[in-house]
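Work through these exercises with the sequence and structure in view. Try each task before you read its solution.

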Amino acid sequence: MERSTEVFRLKPAIDTGKGLGSTFGFLRVDSRLALRNVLRQKRRSYIAILAIAFGVVAMMLSAGFIEWILQETREDAIANQYGHIQIIRPGYHDDGQADPFAFLLPGNDPALTVLARTSGVASVAPRLQFTGLVSHGDSTLSFIGEGVDPAKDPALRNLHVVKGKPLGQGDGRGILMGVGLADNLGVQVGDTVVLLVNTPSGGINAVEGTVIGLTFTAMKALDDSVLRISIDMARELLRVSGSHVWVTTLEHTGMTDAVLARLKAENAFRTYEIVPWSKLADFYNKTVELFSRQIGVVKLIIAIIIVLGISNTMTMNVMERTVEIGTAMALGVRRHRILVLFLLEGLLVGLLGGAIGITVGYLLALAASAIGIPMPPAPGMTEGFDAAIIVTPRIVLDALALSVTTTLAASIYPAWRASRLVIVEALRHNR
């Protein structure tokens with residue numbers, strides 16, 4: 001009995017106090033008692049802490065892997081397709097395919113100067129989009145074309161050229177062609193092809209160009225249909241002077257909302273539609289929704305495992321310390337303090353397990369990212385890639401919150417059970 005009552009010796013020292021200072025005094029003493037109780041049940045506490053740490057590590061690694069996938073998908077879509085912000089005629093993305101020439105932006109608009117001088121904007125590139133037929137020898141295929149500025153368009157800066165060279169300012173008749181389109185057409189670097197399109201007047205125009213490079217974007221459907229030429233060549237081919245889109249690239253993605261607000265406040269863009277990348281990247285948005293639900297299921301499974309494990313541990317603690325609890329209540333310790341004491345024990349176990357899990361998870365994430373995680377080609381891709389794991393502050397906070405909330409939830413019933421013990425029956429337990 002002497003050892004059982006040892007953890008409650010500090011109680012009379014503050015039991016006579018009143019007010020907020022007394023409350024903090026109780027919490028300070030009860031926290032010390034909870035820590036001593038956790039440490040004296042070493043084997044059971046170690047198992048519980050390791051279970052929590054394992055769950056936290058699993059959650060961090062899975063969430064970090066998904067975070068990397070989402071980040072790479074987002075930045076790839078921004079760099080290779082949309083830019084951070086697009087300036088277009090209202091309704092172009094909805095009706096532009098049916099009548100693209102009705103949505104042309106002027107070639108020399110003062111708004112372009114305002115856009116280029118806006119704080120946070122790194123570059124502005126006009127882009128002209130069109131469709132037509134490409135011929136080589138006896139083969140003719142349809143294509144999706146883009147007229148781009150070789151010096152400013154972000155799609156060219158991040159494009160992977162597997163053969164030949166990138167499109168430069170001096171390549172007036174150069175064509176960058178997707179590897180799938182080139183294979184289907186039977187074209188190699190250096191071959192001459194003919195591009196045939198409809199003009200705004202309803203006529204047909206054609207130009208010859210030389211394939212200077214074959215590009216790979218990891219999206220098979222895109223590589224099988226897309227070719228890129230300089231915007232000057234595209235304007236000549238289509239017999240227009242403007243463009244469909246002003247593709248705006250920012251210094252970094254986090255500035256999108258701020259720059260978007262600045263542009264919407266400018267009078268120069270009142271007649272235009274300003275569209276952020278987040279509204280254009282439909283595939284990315286659906287990927288985020290899908291993976292968010294998946295990681296939610298992972299968190300739920302881990303939470304259930306932790307709750308079951310900690311609940312069992314705390315219940316065993318109550319059973320083994322029944323006499324100790326009865327002695328404490330016989331000495332005047334109130335029932336709510338017994339309840340708080342066991343809740344604090346669960347909280348400490350959760351904090352310790354969470355801290356260990358976060359540390360181990362972060363180190364494993366660094367190691368996995370340094371080595372690389374080999375992945376097979378994703379749907380629609382033709383090549384595999386090396387993945388990594390990104391641990392963000394949000395993931396760390398989620399992991400800590402998971403460990404703390406689950407252990408607290410698991411401690412509620414055992415703590416309530418301990419606080420409702422009848423003193424006489426508790427003292428006679430095991431006798």
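**Exercise 1. The nonpolar cores**

Task: Which residues of the largest nonpolar core touch the most other members?

Solution: The model is predicted. The largest nonpolar core holds 54 residues. Met60, Ile310, Ile325, Ile338, Phe342 and Val349 touch the most other members. Next, look at the elements that build this core. At least two residues each come from helix H3 (42-82), strand E9 (245-250), helix H11 (277-280), helix H12 (282-320), helix H13 (322-330), helix H14 (335-371) and helix H15 (393-419). H3 gives the largest share, with 14 residues. Last, find the second core. This separate core has 27 residues, among them Val193, Leu227, Leu237 and Leu238.

**Exercise 2. A pair of charges**

Task: Are Asp153 and Arg127 buried or exposed?

Solution: Start with the contact. Asp153 and Arg127 form a salt bridge, and their closest N and O atoms are 2.8 Å apart. Now place both residues. Asp153 is in the loop between strand E3 (139-148) and helix H6 (154-157), while Arg127 is in strand E2 (residues 121-136). They are 26 residues apart, so the pair links distant parts of the chain. Then apply the cut-off: buried means under 20% relative accessible area. Asp153 has 0%, so Asp153 is buried. Arg127 has 1%, so Arg127 is buried too.

**Exercise 3. Another pair**

Task: Which residue forms a salt bridge with Arg228?

Solution: The partner is Glu146, with the closest N and O atoms 3.4 Å apart. Arg228 is in strand E8 (residues 226-230) and Glu146 is in strand E3, 82 residues apart. Check the burial. Arg228 has 5% relative accessibility and counts as buried. Glu146, at 14%, also counts as buried.

**Exercise 4. A network**

Task: Which residues are linked with Lys299 in a network of salt bridges?

Solution: First take one pair. The side chains of Lys299 and Asp398 meet in a salt bridge, at 3.4 Å from N to O. Lys299 lies in helix H12 and Asp398 in helix H15, so this bridge ties together parts 99 residues apart in sequence. Lys299 is partly exposed at 26%. Asp398 is partly exposed, with 26% relative accessibility. Now widen the view. Glu67, Arg394 and Asp398 are linked with Lys299 in the network. Across the model, the count comes to 9 salt bridges.

**Exercise 5. A charged patch**

Task: Where is Asp94, and is Asp94 buried or exposed?

Solution: Asp94 is in helix H4 (residues 92-95). Its relative accessible area is 69%. Exposed means over 50%, so Asp94 is exposed. Asp94, Asp95, Asp99 and Glu273 form a negative surface patch.

Terms used
Residues numbered from 1 in each chain as written. Predicted model: local features only at pLDDT ≥ 70, side-chain atom pairs only at ≥ 80, totals over all residues. Heavy atoms only, no water. Core = buried A, V, L, I, M, F, W, Y, C linked by side-chain atoms within 4.5 Å. Buried < 20%, exposed > 50% of the residue type's maximum accessible area, 1.4 Å probe, protein only. Helix = DSSP H or I, 4+ residues; strand = E, 2+ residues; numbered from the N terminus. Patch = residues over 30% accessible without salt bridge, like charges linked within 9 Å, V, L, I, M, F, W, Y side chains within 5 Å. Areas by Shrake-Rupley, 256 points an atom, 1.4 Å probe, with all protein chains shown as cover. Salt bridge = Lys/Arg side-chain N within 4 Å of Asp/Glu carboxyl O. Lys, Arg positive; Asp, Glu negative; His and termini not counted. Charge placed at Lys NZ, Arg CZ, Asp CG, Glu CD.
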